[in-house]
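Please read the following report alongside the sequence and the three-dimensional structure, which are shown just below.

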Amino acid sequence: DENWKPIHSVQQCTSAQFLSNLHNYAVASYQQSTEASKVATTLLRFVLRPLTQMMSKWVFAGVLSDSNSEFFIEGTSTSPSSPRQGSSIERFSVNLGSEKLPDFISEDTALDILCAGLAMRMLVNCLQMMNSSSSSSS
C-alpha cells in the first residue's frame, strides 16, 4: 500500500513514532474500505489506550504515570533549595522530539496538556494543605 511508510527497524521505532506512522496510515486510508484500513483503524484504537490513559491521569489528576518513559510530559525531582519546600522540587517539561511526541499532537497542544496537569497538581496540593491545616487546628 502506498500510504504505509514502513519504519526500517522495529528496534529503532519508539512508541510515538509507531503511533504517528499508524495514525497517518489510518487517516490516509480511512475512505477506503479495505481490510488493511479496517485493521489499521482497529489497531490504532488499541495502541492509543496507553497514551490516552497517561494523558487522562496527568490532566485530570496531575499524576505523571509513565513507567516506560514514553510520555511526552517528563518530570524530574531535585533536592530542595530550602527545608520549607518539602522533600523535593518537581520540574516538568514537554519533550517535543519525535521519539516522544506523536505527530498528530501539535507542540501547542502538548504545552496545553503540560499546563493542565500542572494546574491540577497545584489544585491538589492546595486542597491537601487546606485539609492538613484544618485537621491540625481542630
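Among contacts in the protein between residues at least 6 apart in sequence, 49% join residues at least 24 apart, where contact means heavy atoms within 4.5 Å. This is a predicted model, in which local features need a pLDDT of at least 70 and side-chain atom pairs count only at pLDDT 80 or more, while totals for chains, interfaces and linings use all residues. Residues are numbered from 1 along each chain as its sequence is written, and side-chain values use heavy atoms, with hydrogens and water left out.

The protein has 4 helices and 2 strands, and from the N terminus on these elements follow the order α-α-α-β-β-α. Helices (H or I, at least four residues) and strands (E, at least two) are DSSP runs, numbered from the N terminus. Of the 138 residues in the protein, 25% are buried; buried means under 20% relative accessible area, exposed means over 50%, and partly exposed lies in between, with a 1.4 Å probe and protein chains only. The protein exposes about 9,400 Å², of which carbon and sulfur atoms supply 57%, the accessible areas coming from the Shrake-Rupley method with a 1.4 Å probe, and for residues only the protein chains shown count as cover.

How do two of the helices meet? The axes of helix α3 (residues 49-61) and α4 come within 6 Å and cross at roughly 50°, which makes α3 oblique to α4. The axes are lines fitted to C-alpha atoms, for helices over the stretch in contact, and angles run from 0 to 180 degrees between N-to-C directions; angles under 35 degrees count as roughly parallel, over 145 as roughly antiparallel, 65 to 115 as roughly perpendicular and the rest as oblique. On the α3 side the contact is made by Met-55, Trp-58, Val-59, Phe-60 and Ala-61, while the α4 side includes Ile-113, Leu-114, Met-120 and Arg-121. The residues of this contact of α3 with α4 divide into 11 nonpolar, 1 polar and 1 charged, with Ala, Val, Leu, Ile, Met, Phe, Trp, Tyr, Cys and Pro counted as nonpolar, Asp, Glu, Lys and Arg as charged, and the others, Gly among them, as polar.

Arg-121, found in helix α4, counts as buried at 18% relative accessibility. Leaving aside its neighbours within four places in sequence, Arg-121 is in contact with Trp-58, Gly-62, Val-63, Glu-90 and Phe-92. Helix α4 also holds Leu-111, which is partly exposed with a relative accessible area of 38%, and Asn-125, which counts as partly exposed at 40%. The table lists a C-alpha separation for each of these residues.

| Pair | Separation in sequence | C-alpha to C-alpha distance |
|---|---|---|
| Leu-111 and Phe-72 | 39 residues | 9.9 Å |
| Arg-121 and Leu-64 | 57 residues | 9.9 Å |
| Asn-125 and Gly-62 | 63 residues | 9.8 Å |

Which residue forms a salt bridge with Lys-100? The partner is Glu-74, with the closest N and O atoms 3.0 Å apart; a salt bridge is a side-chain nitrogen of Lys or Arg within 4 Å of a carboxyl oxygen of Asp or Glu. Glu-74 lies in strand β1 (residues 73-78) and Lys-100 in the loop between β2 (89-94) and α4 (107-136), so the pair ties together parts that are 26 residues apart in sequence. Glu-74 is partly exposed at 27% relative accessibility, whereas Lys-100 is buried, with a relative accessible area of 13%. By this rule the count comes to 1 salt bridge.

In the loop between α3 and β1 lies Ser-69, whose phi is near 55°, a positive value in a residue other than glycine. Most residues other than glycine have a negative phi.
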